[in-house]
Amino acid sequence: MTGPVDPDERASDRRTPDERESAPDETGTRPDGGHAGATVEASTTPVTAANAAAVRGSVRRVLTVAVTEYRLAVRSRWALALTGLFVVFGAMILTFSGSALGPDGAGRVVASLTSLAAYLVPLAALALGYDAVVGREDEGWLAVTFSLPVRRSEVVVGTYLGRLAVLAGATVLGFGFSGVLIVREFGIGAWSAFLGFLLGAVAVGSAFLAVALLLSTVVREKTHALGAALLVWVWFVLIHDLLALGLVAAFELPDIALTAFVLSNPVSAFRVLVLSGLGAAAGGGFTALLVDSGLSTASITFALIAWCLVPVAVAARFVRRRRL
Amino acid sequence: MRIDATDVHKTYGDVTALDGLSLSIPSGSTFGVLGTNGAGKSTLFRLLVGHDRPDAGTVAVGGTDVTDDGRRIRELVGYLPEHVGFPDGLTGREVLGFHSRVRGLPRDGRVADAIDRVGLAPEEADRRVSGYSNGMCRRLGLASVLLPDPDVLVLDEPTAGLDPRGVDEFHAIIEEVTSSSDATVVFCSHVLPEVERLCDRAAVLHEGRVHAAGPIDALAADAADDDTGAANRADDRHRGGLRAAFRAAVTDASADEPSEVAP
């Protein structure tokens, strides 16, 4: 038995924006009035179009969130501050490495920049990302955003991409200033080594930004997120390598252990990635040991990409259960 | 668009927020949800927009279960949370532009219309939100939920923290919305005269259950009939029937079965 139709239900177009985007022209759905081929086409094409529209809608929402996050970060002067930080510290390294002349000079300067970036970039990324979710919740924006027809995972991914654009831009511009000086000092031949460093710095920043986003999704208080971010920095930048060095010195560890040390720390992966391309300029110590671990550029790159994707994916999963 | 909640249970740890709540909100009505703190109003609203899932029971908007397609529900529902906030770095117009783009709305001047509708001056809309008063933030929040002309408006204590003039202006906006559209408007409030002024129907929640629901007039009459004359309630019948209904429901909640008032 069919009940009366609610006038409100009849009155308006109830389709979603995605459905409206994907809906074919109603006069064109049955072009030949019943041909078998047309029936197949009619049954499959709308599904494909709907899927394509859903993807377009998802991309639109992610980009909208990303652009907003980027705009906010730029206006809050995060982009300017990070760029200035990288310019100043990069210039300091160049100044103090001014005596690094000769054919290996550029490599030594890039190695020095790598050591600096290994401390600075993760810290900047964590500072930029620790409040990505919990901070937005504090100001009431998260509840507003989650009330819109957007998946929470889309908000997380958009937030990551927006802040990543800020971090990557600041890294390229800030350290790019050093790159210009290096090329001016050592010639265009030094550019390839510097480019490897720059890409590595962006990659390690992206990884730590992803970790910061995950922390921000898991914790309930902004201060807890900040504390956790600092602990993450201390672990990966200060303790991890020392611990690994101690273990290597104390025990006869197989190569697989060294590989695990490198891949389990984006900072180590970054160092190995950049310094392995510099050869003799890489220097000594645990870093030299890691460089000799024989890891391929591809495997290290893959590890850094995984360090970016996995935390964001986990954050997107966790945020669905977050109670507002 | 009709809203139905059937035997909804929701607990947070040891706290029971909703305990078998059942409620029907007719399409096109302006519905007030009353209740003391912790009665379950905000939990009900969070379920309505898919921020939470019921432990048991169903909540449906226009026949669609909110747990089946939360995104679809949020296309139909405009929700103004109790603690609405915006990033300080955006202007009011940019906030509305964000809402418009996320919703995939056409760029047809509806942002300017929404700004005008809630009484924000254009120059105010172009200012950063960091300089907004509480009342302006509320207006901006309302503009953002009105932007898509939603079928359902859910407003969680929309006048909380507003000064009397702000409350009056907010009421005027809601009255304009209800008179000019078929939208179902649901809002909760602690202010009984506000519900009496704006709503044609209401429900009184207490300890996660509905203890009275129906048209405002019927609720008031029912409460007056049931009120056996406790001295402290004597003048309530003169000052406002809904106040009597509210107090009767809350006071007698532990002893009574939920009551349904015939429309």
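The model is predicted, so local features need pLDDT of at least 70 and side-chain atom pairs count only at pLDDT 80 or more, while totals for chains, interfaces and linings use all residues. Residues are numbered from 1 along each chain as its sequence is written, chains are lettered from A and ligands numbered from 1 in the order in which they are written, and side-chain values use heavy atoms, without hydrogens or water.

A:Arg320 counts as exposed, with 53% relative accessibility (buried is under 20% relative accessible area, exposed over 50%, partly exposed in between; 1.4 Å probe, protein chains only). Together with A:Arg317, A:Arg321 and B:Arg53, A:Arg320 forms a positive surface patch (residues with over 30% relative accessible area and no salt bridge, like charges being joined within 9 Å). The place of each Arg charge is taken as CZ.

Over all chains, the search of the whole structure finds 23 salt bridges (a side-chain nitrogen of Lys or Arg within 4 Å of a carboxyl oxygen of Asp or Glu). One of them joins the side chains of A:Glu69 and A:Arg136, with an N to O distance of 2.9 Å. A:Glu69 belongs to helix 3 (residues 36-75) of chain A and A:Arg136 to helix 6 (residues 134-138) of chain A, so this pair ties together parts that are 67 residues apart in sequence. A:Glu69 is buried, at 5% relative accessible area, and A:Arg136 is buried as well, at 12%.

A salt bridge is also present between A:Arg71 and B:Glu94, where the closest N and O atoms are 3.9 Å apart. This pair joins two chains, because A:Arg71 lies in helix 3 of chain A and B:Glu94 in helix 3 (residues 92-103) of chain B. A:Arg71 is partly exposed, with 27% relative accessibility, whereas B:Glu94 is buried, with a relative accessible area of 19%.

Within chain B, B:Glu169 and B:Arg165 form a salt bridge whose closest N and O atoms are 3.3 Å apart. The two residues are four apart in helix 7 (residues 164-180) of chain B, which means that about one helical turn separates them. B:Glu169 is partly exposed at 28% relative accessibility, and B:Arg165 is exposed at 62%. Elsewhere, A:Glu69, A:Asp131, A:Arg136, A:Glu139 and A:Arg163 are joined into one network by salt bridges that share partners.

Most residues other than glycine have a negative phi. A:Arg77, which is not a glycine, has a positive phi of about 70°. This residue is found in the loop between helix 3 and helix 4 (78-96) of chain A and is exposed, with 59% relative accessibility. B:Glu207 also has a positive phi, near 50°. B:Glu207 is found in the loop between strand 9 (201-206) and strand 10 (209-215) of chain B, and B:Glu207 counts as exposed at 53% relative accessibility.

In chain B, four strands form an open sheet in the order 2-1-4-5, with antiparallel pairing (two strands pair if DSSP finds at least two bridges between them). Strand 2 (15-25) and strand 5 (64-65) of chain B are the edge strands, each pairing on one side only. Strand 1 (residues 3-12) of chain B runs antiparallel to strand 2 of chain B and is joined to it by eight bridges. B:Thr11 has B:Thr16, in strand 2 of chain B, as its bridge partner.

Technical notes: Patches are made of residues with over 30% relative accessible area and no salt bridge: like charges are joined within 9 Å, nonpolar side chains (Val, Leu, Ile, Met, Phe, Trp, Tyr) within 5 Å. Accessible areas come from the Shrake-Rupley method with a 1.4 Å probe; for residues, only the protein chains shown count as cover. Lys and Arg count as positive and Asp and Glu as negative; His and the chain ends are not counted.
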